[in-house]
Structures are given as structure tokens and as C-alpha cells.
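Hello,

Here is the structure I promised to hand over. Please look through it first, then read my notes below.

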Amino acid sequence: MKTKAIIEYGAMDITAKTDSQLTATDIQSFSTANNVKLDPTETKYATLEHNYFALDGSFTNMPANIGNVGYWSATKTGANKEFTTPPTLTINFTKNHSSVGLTMTFSQYSYCTELKIAYYDSSNNLLSEKTFTPDNYEYFCEDIVANYRKIIITFYKTNEARRYLKLYRIQYGTTIVFEGDNLISANLVEELDPLGDELSINTLDFVSFATDEKFNILNPQGIFVAFQKTQILKAYKAANDALLDMGTFYLESWENKSKKSMEIRGIDAIGIMDKIEFNGGIYSGTSAVTLIESIFAKANIVAYTIEDITSETITGYIPICTCREALQQVLFVLGAVADCSRSDAIKIYKLAETEEPNEIQASQILQNTNEIKQAEIVTGVSVTTHSYKLKREQETIYEEDLAAGTYRVKFSQPASNLAITGGSITESGTNYAVINVTGSSSSSSKYYGNKTVTITGNTYDDLTNTLTITDGESHDIENILTISDCTLINGTNANAIATRVLNHYQGSYRDNMSIILDDEKVGDNVIAEKSETNQLNGFITKLDIDMTGGFIATTEIMAKVEEIDG
Amino acid sequence: MDDLIYDRTAEDVTYAKEHQSSASTLKGAYNYTDLNRIEQWCDYLATQLTTYSYIVAITTKTDWTADDFPTQAQLERIRSNVQALKTAYYATTNTPTTLDRITYQKANDLEKILYEINENLENMLAAFIYSGEVYAGEV
């Protein structure tokens, strides 16, 4: 089977759309230029444009309330397909943006065939101006421009006579495809920890090669001026005329290896979660789904699925940490996993053995690559339980001389019932407060112009206990695994967690091998080794995939030996 | 009034789609002129029928332009007008149940009904005159 790696790079300015404000000179009363930001889907409405409304059954009659149709001009082109007074669309931004051009999406049935795009800086100086002649309803108007603050688009012609301009979408960039000779190497690493002790970040590393001058890192007009962290990378495996999704990643770093080649790294959505802070809090019987959704919301993660934990609750404390760390804590106590491989969504579920696990075929395994090792021997597990009790007395939890302004204060320990002097609290949680300091200095401050700000509140006592379980056997050397810093472990869930951790390690093997990847993915329940009497049954925990070398995957499986019935 | 059109074909539709910028209005597509023609015929027939005691009360719009956007409600009014004329008098062609996603066959049916009503009405009027010649045989 012939396979090929394809990587799509979404060379888009990812903040331009939300920062944009669109206005038009010539617009229908039912149309709003700013609605183009919402990427409306086109409905093929019947209009009385000249010979447009074909009697082929494909046109929908307009409702009284037409909804979002993007930007429709009020005037039409003439018989010569040109506007007498060309409509203009002005896009203003509050911040500078850089992009490799604009992808314009017009009506599929009537599109613009000549337009001019002018870019301006914050001082209204013209940075670039180009005329384009689209030959399709979706057209990339390439023009690499850095640090623009305003765009004016002028529309001159349509593909048919006497047509309105109908614009549905503007993307601030385009998609660049790396494949074949443009892709020197590509490596994809997917990991999943069945225990939930670690929440792994999948990575995509590839080296691109391009002779086109616009890919030259030294070219100030090159595409790299528009590179931005978190731009989207999509990896695919092309095989037998099918395109398999190998995951969605976000641009993390790029480095030129030469004038023509570039080393690029992408991380998955869990990696993005590691860059965003979660405020944490004290939880008591909180729905696990609600808590996870609040973590996702903080990280702007909208693509996810949550299964197997809908009725579970969380009790305990999460300090200020990254969204990834917060999710890991929650999943660990639930015994669930999160995986972002082979899709753009984070999937949360509990690993479970299936009735008929897939067997890694001997023909898939590369010769002399199979290595089986016994996992770390753990003879017992000791977990620290936490119980948070609100103290009765108020105490000072923050005191500082501050100049006028807004501050975010992080507490060294959780606190509630906050009160403030010298300022006002505009937002607060168990671990933090956002405070506003105004006015002149207070007499108590030792610094001129500053105010002494004091926050008081009730802090929590962390009452801890330790629960230890062992495998019940005698060993020459005991190896007790200690878990002390998981503040969501409490008296109720401690025993189940300790038992699950001990079971995970007991009789486990790590089976490493290189395989020709079929459709295996991390989290799959597989049979790795099979003899007449027993087999290794477990889960794929790591795949290190060489995408340009025939999709050979260095594979790690965490498995237990089981006897074969009969 | 322009003649009613009820002989559109699939070829007309294909031609219209491929020659949208043609200076002429093409049979295979609806233009504002088509709506005006249908509405004018509805208006005319309603007046005629009412004159001969086939009372029809309908509302019409006969000033459509290329700048108008016909809504579903307006196109349904046109369809209902044709049905009202047919109910008040007589035609054999079935009325389309909707003009949404209209095909050339439905467009033909709509105008064929108007044609049939007019034909039947003219035949009736001709019969009136013929039967009115009460003294014809007395020459």
C-alpha cells in the first residue's frame, strides 16, 4: 500500500477576524457588512437579477426575514458586468495584523471578477495595493503584508451582467499544503497515559522545502512575516485514494534550516491548554462535566467530547495552574483519559478492554524491533487525602502599597469571604482577586502616590491523612508509590484511586516494537503478543510515527499477560 | 398584455443558465417581466370573471422591477391568485402546491391555467353572442 504524508498549514492571521470592523458604502437594507465575520452559509435565494432565477428547481424563495447573507451591494453591475460606482468595503482593526493575503468567498452563483485590495498602516499610509481578477467564487488574493491596520476593498466587476456583489466570507490568509518534494520529513508523536498520571501533548514536527522565493526566510516579503503561533496545522495520511485525518496541531515554533527549508513544530489542543492559566477553586460535589467544561472554556477549547463520567463529581481543591494541569488532576481522580489524536477534538473517556481487541499482525511488525520489559514493580500505593475546612477567623491575606491601577493578586492559599480596604475587588475567586486602586495616596502608605491595599478573608485548612494499600505479598524490597500532591483526592475516593494505581502497575509489561501503521491509535485495546497459551492484552500508549518514511510507527503498549481460554 | 408562456423546456433552462448575460430576458429563467405578466393576467381575468358574475377578489402587484426581491409570501400570493381564479371558474391543469424551488414545469402550469381560464371565458362569451342571435333563424 502506497502512503503519502500531507500537511496543511493554515497561514491565517488568527486574530484579524475577531478584531475587524467592516463597513460598506453600497449595501442592501437586509445586509450587514460586519456579518461577513460570522462566515454565513449561502442559501441560493431567488432574486430578479437579469436571467439569474433559472427555473431548474434550485432556487429558494426569500423569507420575510432573510437572516445573515453577508455583504450584498445595493447596486448591480451593468450590461458590461461593471459597477458604475464600485462598492467598497472598509475593514478597520484595533491592532496591527499581518497576513499572506485574503481569501475571499463570494456567492457560488455570482462572484466578483475584479477587485482591488489596499492595505494601510496605523498612520493611514498605504502599505500595499493590488488588483486581482478572481476566476472562482473562492479566491486567494495573495499579497504578503505586515502590520496593517486598515484594508479597503473595491469591487469592480461580476462574472455575469447585472449582478449584485455578494460576499460571504473573508479569511485573513490561506492554506498552504506541504507534500511530496515540499516535505523533507514529518514526525508525529501521540501519547496517552492510561493511569492519567500525565496528560501528554501530541506533537507534529516536519521539515518543509520550497524553492519559491516567498518561502525564503531571508525575504522580507516572504510568507514568514505572517507566521503566528497557534496557526493551524492539519496532518493527513493519503492511502488508497483516501485521506485519513492524522490530527490537528497548532504552530508552536519555526526555525530555518537553510534558505529553502524550514523546521516547524506543532502541538495539539492539550498543548494549547498548557499555555493558559486556570483559576482553580474549592469544589464540593461539583459535576465533573461542568468542571471540565469550565476548564475548556478558559482555554477556548470548543471541540471536545466527554463520555463515561457524566454522573461523577469532584470534591477538593485546584490551585492556580495551567488548564492542562487542572484537567490532568480531574481526570486522574476519575480514572479517565484525554486524547486529541486523529481529530481536532479532545476526547475524554475511560479506557476499557473490548470484547475482541485488535491484534497487531506479525506482518506489521518490523524484524528485530520487538522488546518486552516488565513495568516498574510497585508493591503498594500511598495516597494523601485532603479535606478543606474554612477557618472561622478572618486574616490578612494580602497587603501592599499600590499606585492607582488594576492588579491581579494571586493568593498563597485558598480563601473566601474577601474584603478589601484601599481599593475595590472587581473579580475574585478562591485563589485570586482582581483589584482596582484609584484616587490619591493614603496616609498609611510610605510611598508617595501609593495606597495601602489590604485584603482580608477566611482561608482554608488543608486537613490531610494518608491511606496506604499494598499487594499483600512479602517482598525483599518494598516499593510504595506515593501520591501526595493531588488535592482532589479525599476520604471518599482515596481507596479506589490507590487500588486503581496499584492494579495498573501489577503484572504490567511495556511492549515496544516498530510497526507499519494501519489504523492503530493510542488508547486502542490490542493483543500484542500471542502464543498458544497466553497473550499480551493492553493499550497502545505511544506512537512515534515517521510520516514520510512509510508511516512506520515506534509503538509502546502497556499490557498484561492473560491466558487464552481453551 | 404579453402572451402567456407555458411551453418552456429543459433546453430553455439550460440555455438560460449558460447565457445569463444575454441582453434578452430568457424563457428558462424568471425575470421581473415574467412576474408582471402573470400578475397582469391575474388582474385582467379577475376583472373579467367578476364582470360575468364569477366573483374573484385578489390582490396583485404589476410593477415588479429587477431591484425587487420577491419573498416566499409574495410568490405564494401569486400562486394563490391563480388557484382562486381556477376555483372561481374552470381550468384542467393542476395548480402547483408551492412556487418554492420552482421548476419550468411548475412555471408552465401556472400560466397554462391562466391561458385555459381565458380560453374558456372567451368560448363562453362567444357562446353568449351565438345564443343571443335569437332571431337568426327568422330571416
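First, a definition: axes are lines fitted to C-alpha atoms, for helices over the stretch in contact, and angles run from 0 to 180 degrees between N-to-C directions. Helices (H or I, at least four residues) and strands (E, at least two) are DSSP runs, numbered from the N terminus.

Some ground rules. This is a predicted model, where local features need pLDDT of at least 70, side-chain atom pairs count only at pLDDT 80 or more, and totals for chains, interfaces and linings use all residues. Residues are numbered from 1 along each chain as its sequence is written, chains are lettered from A and ligands numbered from 1 in the order in which they are written, and side-chain values use heavy atoms, with hydrogens and water left out.

Chain A overall

Chain A has 5 helices and 36 strands. Its C-alpha atoms fill a box of roughly 95 × 80 × 55 Å along the principal axes. Of its 566 residues, 51% are buried (under 20% relative accessible area; exposed is over 50%, partly exposed in between; 1.4 Å probe, protein chains only). Take the contacts (heavy atoms within 4.5 Å) between residues at least 6 apart in sequence: 74% join residues at least 24 apart.

The domain assignment, automatic or from a database, includes domain 4 (369-383 + 465-563) and domain 5 (388-464). The centres of these two domains of chain A, taken over C-alpha atoms, are 46 Å apart.

A:F155

A:F155 sits in strand β8 (residues 138-158) of chain A. A:F155 counts as buried because its relative accessible area is 0%. Beyond its neighbours within four places in sequence, A:F155 contacts residues including A:Y71, A:F83, A:P86, A:M104 and A:L167. A:P86 is 69 residues away along the chain, yet the two C-alpha atoms are separated by 5.5 Å.

Two helices in chain B

Helix α2 (residues 32-51) and helix α3 (residues 72-88) of chain B have axes that come within 10 Å and cross at roughly 35°. Residues meeting there include B:L35, B:I38 and B:C42 from α2(B), and B:L75, B:I78 and B:L85 from α3(B). The residues of this contact divide into 10 nonpolar, 1 polar and 2 charged (Ala, Val, Leu, Ile, Met, Phe, Trp, Tyr, Cys and Pro are nonpolar; Asp, Glu, Lys and Arg charged; the others, Gly among them, polar).

B:T93

B:T93 lies in the loop between α3 and α4 (104-132) of chain B. B:T93 is buried, at 13% relative accessibility. Not counting residues up to four places away in sequence, B:T93 touches B:K86, B:D109, B:K112, B:I113 and B:E116.

Best wishes
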